[in-house]
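Please read these points with the sequence and the model side by side. They go from charged pairs to rings, then to helix packing and the chain as a whole.

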Amino acid sequence: MSHHVPVTAGAEGRRIPAHGLAEKEMLWAFLRFARATVVAKVDALSPEELRKRHVGSATTLGGILKHLVTSERHWFANVLGGRELPMPFGPEDPDGDWRLADGEDAAHLVAAYRAACELSDEIIAALDLDSTGAQTDDDYTLRWALTHLVAETNRHAGHADVLRELTDGARGW
């Protein structure tokens with residue numbers, strides 16, 4: 001039996017995925033767990049707290065969430081789903097997906113993230129793990145994209161853990 005320690009505010013019901021799931025369900029469950037972690041880390045923050053910089057780079061709690069919106073849209077909607085959603089970065093602005101626009105608050109960012117995740121989940125549900133989706137080059141499989149997003153989202157959830165504690169002292173895994 002596992003013991004679960006308290007988690008961040010807003011993460012009620014968030015638990016590590018069950019043991020014994022099939023591969024696709026396991027990867028997807030861990031992605032949903034990581035997504036919920038990141039959302040919980042921005043819970044109840046003011047626009048100023050979302051933008052607060054604690055490190056030398058431009059990394060902020062709001063920027064992490066905005067970047068993860070882009071990651072979901074890129075890998076699932078565009079690469080596997082064949083959509084052509086615009087990306088907020090390019091050669092002239094490589095960090096465009098980390099910068100918050102005026103008026104972007106926690107509610108806006110969480111809604112955008114949830115919408116991106118819902119679209120991702122539709123694509124995930126429709127594909128087998130070995131599928132390359134709508135790609136013509138067959139470069140990436142759903143398995144690769146799920147694994148990549150589990151790693152990417154958890155990496156940034158760890159950043160968010162530290163930034164949230166530095167912002168207001170809130171702790172939890």
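1. A salt bridge here is a side-chain nitrogen of Lys or Arg within 4 Å of a carboxyl oxygen of Asp or Glu. By that rule E23, D130 and R143 are linked in a network of salt bridges. The whole structure holds 9 salt bridges.

2. Some ground rules apply to every point. This is a predicted model, in which local features need pLDDT of at least 70 and side-chain atom pairs count only at pLDDT 80 or more, while totals for chains, interfaces and linings use all residues. Residues are numbered from 1 along each chain as its sequence is written, and side-chain values use heavy atoms, with hydrogens and water left out.

3. Helices (H or I, at least four residues) and strands (E, at least two) are DSSP runs, numbered from the N terminus.

4. R143 has a relative accessible area of 27%, so R143 is partly exposed. E23 is at 41% relative accessibility and therefore also counts as partly exposed.

5. R35 forms a salt bridge with E72, with the closest N and O atoms 2.9 Å apart. This pair too links distant parts of the chain: R35 belongs to helix α1 and E72 to helix α3, 37 residues apart. Both R35 and E72 are buried.

6. D93 forms a salt bridge with R99, and here the closest N and O atoms are 2.5 Å apart. D93 counts as partly exposed because its relative accessibility is 26%. R99, at 44% relative accessibility, counts as partly exposed as well.

7. Next come the rings. A pair of aromatic rings is described by the distance of the centres and the angle of the planes. Rings of Phe, Tyr and Trp (its six-membered ring) pair if their centres lie within 6.5 Å; planes under 30 degrees apart count as stacked, over 60 as edge-to-face and the rest as tilted. The whole structure has 3 aromatic pairs.

8. The ring centres of W75 and W144 are 4.9 Å apart and the planes are at 55 degrees, so this pair is tilted. W75 is in helix α3 and W144 in helix α5, 69 residues apart, and the pair links distant parts of the chain. W75 counts as buried because its relative accessibility is 13%, whereas W144 counts as partly exposed at 37%.

9. Y140 and W144 form a tilted aromatic pair, with 4.6 Å centre to centre and 50 degrees between the planes. Y140 is at 28% relative accessibility, so Y140 counts as partly exposed. W75, Y140 and W144 form one aromatic cluster.

10. How do the axes of α3 and α5 cross, and what distance do they come within? The axes of helix α3 (residues 61-80) and helix α5 (residues 142-168) come within 9 Å and cross at roughly 175 degrees. That makes α3 roughly antiparallel to α5. Axes are lines fitted to C-alpha atoms, for helices over the stretch in contact, and angles run from 0 to 180 degrees between N-to-C directions. Angles under 35 degrees count as roughly parallel, over 145 as roughly antiparallel, 65 to 115 as roughly perpendicular and the rest as oblique.

11. D137 lies in the loop between α4 (106-126) and α5. Its relative accessible area is 58%, so D137 is exposed. D137 and G158 are 21 residues apart in sequence and 33 Å apart in space, C-alpha to C-alpha.

12. Finally, the chain as a whole. The protein chain has 5 helices and 0 strands, and from the N terminus on its elements run α-α-α-α-α. Along its principal axes the C-alpha trace spans about 50 × 45 × 25 Å. Of the 173 residues of the protein chain, 43% count as buried.

Note on methods
Buried means under 20% relative accessible area, exposed over 50%, partly exposed in between (1.4 Å probe, protein chains only).
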